[in-house]
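Subject: Structure handover

Hi,

Here is the structure I promised to pass on. Have a look at it first, and my notes follow right below.

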Amino acid sequence: MPNQWPTVRSRALFSSWMWWRPWRLLIDAGDGVSDSLGPEASAIRTVAITHLHSDHQLGLPALLSSRQPGSLQTGGPLQVLVPAGDPRLPYLEAWIASLGLFDRSAEDGDPALTWTPVRVGDRIDLDSIRQIRAFEVTHAVGRPCLGYVVSTSKQTLKSTYRGLSGSAIRDARAALGDEAVMESVRQPLLVHTGDAAGIPDRTGLYNAQCLVADCTFLSVDDRDTPSHWALDEVLELATELRPAVLALQHVSGRYNRQTLVADIQQRLARACWTTPTVLIDDRSWTPLTHADVP
Ligand SMILES: [Zn+2]
Ligand SMILES: [Zn+2]
């Protein structure tokens, strides 16, 4: 995991994005992301859009424009993942196409922009060791909404060999070969829910190093329609998924920012909450309980 908190902005309705520099990954591209990152935006290799609500994608054209060849920021090929099948996708594609990036080539001959519509379950390599997978979240009716999990692979014993002594395992590996004894499993690093009020299939999302969850509301009584989680529901989710660190994001602008941290801390204390938890708000990560960088 990165050794510093990623650069972020997240406020419901206005803008959401998260920049994980060591992985060269931007999740969502809300308004202002290009301006906020400045020349750093040239380091982005993958942009993963969770869904096409405006607060998650309005910054994309500006971001891509800033990487036009001939500008200051020409960071090489860029892969953009977008939810396949959204009825608004053709409009966004037409807008992006008008920038001319599809037609140009980077220095190494690859296209300057790879535009990849993704569906639930699709896996894309971020680099040689990390992979990103799209999973389904419940959020907006009639359009695909995705969460993303970034994972790395690790070698582990196949179930039939677990519980054997060290020497028995060594003998088996010597006799049968590593492939017969070991298997590769995905270890989740980051689970990012995007905007969500549910995750129908949670396979592969357990024990991540960090869970970034939609926490638009502090109380279920504050919302009209269940398209975003409230704090108690996020705590329920985190109790099940057991991340090392929980990050609350996308908190509604209706809450008073002067008292927001204290208000959430009070609620966490009432719930006897002990998982390291942070608040992602306007460009900051604020520890709510003791939390080290994951
Ligand atoms: Zn949103
Ligand atoms: Zn949304």
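The largest nonpolar core of this predicted model has 67 residues, and Val47, Leu211, Ala213, Val234, Ala247 and Leu248 touch the most other members. Helix α7 gives this core its largest share, five residues. By nonpolar core I mean a set of buried Ala, Val, Leu, Ile, Met, Phe, Trp, Tyr and Cys residues joined through C-beta atoms within 7 Å. Buried is 20 or more other C-beta atoms within 10 Å of a residue's own, exposed is 12 or fewer, and partly exposed is in between, with C-beta atoms placed from the backbone. In soluble globular proteins, nonpolar side chains tend to be buried together.

Take Val47: leaving out residues up to four places away in sequence, Val47 touches Leu26, Ala29, Leu78, Val80 and Leu81. A contact here is a pair of C-beta atoms, placed from the backbone, within 7 Å.

Now for strand β11 (residues 210-214), which is largely enclosed by the rest of the structure because five of its five residues are buried. Cys210, Val212 and Asp214 cover one side, Leu211 and Ala213 the other, and all are buried. β11 runs parallel to strand β10 (residues 182-192), joined by three bridges, and Val212 in β11 is the bridge partner of His192. With strand β12 (residues 245-249) it is parallel again, with five bridges, and Leu211 stands opposite Leu246 of β12. Strands count as paired when DSSP finds at least two bridges between them.

β11, α7 (residues 231-241) and β12 also form a right-handed β-α-β unit: with the strands pointing away from you, the path from the first strand over the helix to the second runs clockwise.

Elsewhere, Val8 sits in strand β1 (residues 7-11) and is buried, with 23 other C-beta atoms within 10 Å. Its C-alpha atom is 4.4 Å from that of Met18, ten residues along the chain. Beyond neighbours within four places in sequence, Val8 is in contact with Trp17, Met18, Ile280, Arg283 and Trp285.

For the whole chain, I get eight helices and 14 strands, as DSSP runs numbered from the N terminus (helices H or I, at least four residues; strands E, at least two). Buried residues are 39% of the 294.

Some housekeeping: residues are numbered from 1 along each chain as its sequence is written, while chains are lettered from A and ligands numbered from 1 in the order in which they are written. As the model is predicted, local features need pLDDT of at least 70 and side-chain atom pairs count only at pLDDT 80 or more, while totals for chains, interfaces and linings use all residues.

Cheers

Notes:
Two residues are in contact if their C-beta atoms, placed from the backbone, lie within 7 Å.
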